[in-house]
Amino acid sequence: MNLDVNQARLNAELDKLASFSEAPAPAVTRILYTEQDLAARAYFKDLCLEAGLELRVDALGNTYARWQGSEPNLAAVATGSHIDAIPYAGMYDGTVGVLGGLEAIRALQKSGFTPKRSLELILFTAEEPTRFGVGCLGSRVMSGVLGTQGLESLKDNEGKTPNEARQAAGFQGQLSDVRLPEGFYHAFVELHIEQMPQLEQKGIPIGVVTAIAAPATLHIRLEGAGGHAGAVLMPDRKDALICGAEIAQTIETIALSTGSIDSVATVGIFDIHPRAVNSIPSKVFMTVDVRDTDLARRDGMVEAIKDAVRSISGGRKLKAVIETLNADPPASCAREITEATELAAREYGLRTLPMVSRAYHDALFMARLCPTGMIFIPCKDGVSHRPDEYSKPEDIERGVKVLASVLARLSMS
Ligand code: GLV
Ligand code: MN
Ligand code: MN
């Protein structure tokens with residue numbers, strides 16, 4: 001298939017999207033339902049309308065842009081990703097799959113191709129866990145893994161639920177309508193930067209994802225006793241920070257001692273209260289992100305972390321509350337999509353590398369709805385979730401070409 005991907009236009013659009021940010025460039029911060037997030041969504045919607053796509057927005061803000069196929073009653077083929085960005089992130093995570101997905105559709109339109117099945121581009125709401133603690137909020141609800149009751153139990157830092165926050169941001173409709181029925185899509189394919197250095201190191205332009213690792217998130221709250229930093233003697237203290245620090249160090253030991261390099265655990269948030277120079281920290285809030293390619297091993301780590309929290313806090317006579325926000329199984333990618341990706345890459349003379357995604361993606365939840373796959377492209381030094389995240393325009397272009405060809409194949413199947 002002879003495809004004309006407009007690399008310059010796509011790059012200009014990625015740059016423009018990066019300008020909707022709460023952090024100064026080159027950092028990008030775009031948190032769910034903030035002014036910048038809403039402005040970025042408006043920009044995306046304008047681009048979709050310019051491309052002649054039909055727009056639909058659900059009650060959570062998941063945005064669907066459809067290119068009607070010649071047989072519109074058949075289940076559509078979908079692609080897409082997210083545009084939210086964690087604090088001080090870069091400009092390629094997620095956005096390459098959204099604007100790259102749009103460019104793939106435009107390249108197909110320009111080539112004269114007519115899809116049989118409709119092609120649908122999805123901008124997923126909040127793949128990043130920043131605001132409500134769990135990742136893939138939009139696709140989690142879409143796939144029915146998180147229901148309306150579960151949504152009510154999530155709160156942001158100000159105590160707002162997703163329902164309150166989405167209404168304040170102007171998203172209307174019933175949350176119960178966000179869920180998609182099984183069979184709604186024929187297939188889903190997500191284009192994404194690799195976020196690891198394998199493709200770059202091996203000089204291979206296309207990663208064919210075979211599976212997505214299993215993520216879990218814990219919230220840990222510790223309560224000890226505060227007091228005067230000069231007047232409370234060391235043997236009498238119940239310092240929540242010291243207790244949390246011991247827990248954090250033990251979490252590292254637990255992840256290091258599974259015997260597998262695939263086990264990872266991260267304390268990403270560690271807040272202390274009251275946070276004053278001459279006051280003993282009385283409370284800690286910490287988050288733990290635990291992942292593994294093997295579900296049993298991931299669950300083993302989660303249990304070991306919970307045991308450690310109980311024994312360390314008990315030994316220090318602090319109160320501990322542990323909450324499991326999510327503990328998701330891994331997902332396997334569908335053979336028909338990995339094969340279509342291999343064929344598409346071969347068509348353009350591009351080498352491929354099968355790989356497991358250690359990061360999670362909306363594809364993790366779309367895999368519950370329909371056959372799902374992912375296409376990875378290299379990023380510099382494998383860096384991601386940092387302002388210096390970078391993918392070369394020519395690498396993005398290759399990814400878009402392969403994506404377009406995969407979408408074309410799937411839309412005719
Ligand atoms: C997604 O950003 C992840 O944390 O894997
Ligand atoms: Mn990310
Ligand atoms: Mn991402």
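User: In which helix does Gln198 lie?
Analyst: Gln198 lies in helix α7, which covers residues 198-202. Keep in mind that this is a predicted model.

User: Is Gln198 buried, partly exposed or exposed?
Analyst: Look at the relative accessible area. Buried means under 20%, and exposed means over 50%. Gln198 has 26%, so it counts as partly exposed.

User: How far apart are the C-alpha atoms of Gln198 and Asp307?
Analyst: They are separated by 35 Å. Along the chain, the two residues are 109 residues apart.

User: Let me try Thr95. Is it buried or exposed?
Analyst: Use the cut-off again. Thr95 has a relative accessible area of 3%, so it is buried. Its place is in helix α3, residues 95-111.

User: What does Thr95 touch?
Analyst: Leave out residues up to four places away in sequence. Thr95 then touches Leu14, Leu17, Arg30, His82, Ile83 and Gly100.

User: Now strands. How do I read a sheet?
Analyst: Start with a general idea. In a regular strand, side chains alternate between the two faces of the sheet. Then follow the strand order. Here 4 strands form an open sheet, ordered β10-β11-β9-β12, with antiparallel pairing.

User: Which strands stand at the edges, and why does that matter for their neighbours?
Analyst: β10 (264-273) and β12 (319-327) stand at the edges. Each has a single partner strand, so one side of each is left without a neighbour in the sheet. Ignoring direction, neighbouring strands are turned by 15 degrees against each other on average.

User: How many bridges pair β10 with β11?
Analyst: They pair over 9 bridges, in the antiparallel sense. Strand β11 covers residues 283-292. To see one position, find Val264, which stands opposite Arg291 in β11.

User: Which helix packs on this sheet?
Analyst: That is helix α8, residues 240-256. It touches β9 (214-223), β10 and β11. The direction of α8 makes about 175 degrees with that of β10.

User: How do I read a hairpin? Take β2 and β3.
Analyst: Check the pairing, then the link. Strand β2 (residues 54-57) and strand β3 (residues 63-67) run antiparallel and are joined by 4 bridges. Leu55 stands opposite Ala65 in β3. The hairpin has 5 residues between the strands, and Gly61 takes a positive phi near 100 degrees.

User: Which residues other than glycine have a positive phi?
Analyst: Cys136 is one of them, with phi near 55 degrees. Cys136 lies in the loop between β6 (119-124) and α4 (137-142). It is buried, with a relative accessible area of 1%. Asp381 is another example, also with phi near 55 degrees. Asp381 sits in the loop between β15 (372-377) and α12 (393-411). At 49% relative accessibility, Asp381 is partly exposed.

User: And cis peptide bonds, where should I look?
Analyst: Look at omega. A cis peptide bond joins Ala25 and Pro26, with omega about 5 degrees. Pro26 is in the loop between α1 (7-18) and β1 (28-30). A cis bond also joins His273 and Pro274, with omega about 5 degrees. Pro274 is in the loop between β10 and β11.

User: Why is strand β7 called largely enclosed?
Analyst: Count its buried residues. In β7 (residues 185-193), 8 of the 9 residues are buried, so the strand is largely enclosed by the rest of the structure.

User: Which strands pair with β7, and in what sense?
Analyst: Strand β4 (residues 76-82) runs parallel to β7 and is joined to it by 4 bridges. There, Val77 stands opposite Ala187. β7 and β15 also pair in the parallel sense, over 6 bridges. Val189 has Gly373 in β15 as its bridge partner.

User: Last one. How do I read a pocket?
Analyst: Rolling a probe the size of a water molecule over the atoms shows where empty space is left. In this model, the second largest pocket holds about 190 Å³ of space.

User: Which residues line the second largest pocket?
Analyst: Ile31, Leu32, Thr34, Pro87, Thr130, Arg131, Asp156, Asn157 and Glu158 line it. By kind, the lining divides into 3 nonpolar, 3 polar and 3 charged residues.

Technical notes
Residues are numbered from 1 along each chain as its sequence is written. Chains are lettered from A and ligands numbered from 1 in the order in which they are written. This is a predicted model: local features need pLDDT of at least 70, side-chain atom pairs count only at pLDDT 80 or more; totals for chains, interfaces and linings use all residues. Side-chain values use heavy atoms; hydrogens and water are left out. Two strands pair if DSSP finds at least two bridges between them. Helices (H or I, at least four residues) and strands (E, at least two) are DSSP runs, numbered from the N terminus. Axes are lines fitted to C-alpha atoms, for helices over the stretch in contact, and angles run from 0 to 180 degrees between N-to-C directions. Contact means heavy atoms within 4.5 Å. Buried means under 20% relative accessible area, exposed over 50%, partly exposed in between (1.4 Å probe, protein chains only). On a 1 Å grid over the protein atoms alone, a cavity is a set of points where a 1.4 Å probe fits but cannot get out, and a pocket is an open set with protein on both sides within 12 Å along at least five of seven lines; lining residues have an atom within 4 Å of a point. Grid points are joined across faces, edges and corners, and a volume is the space filled by probe spheres set on the points. Ala, Val, Leu, Ile, Met, Phe, Trp, Tyr, Cys and Pro count as nonpolar, Asp, Glu, Lys and Arg as charged, and the others, Gly among them, as polar.
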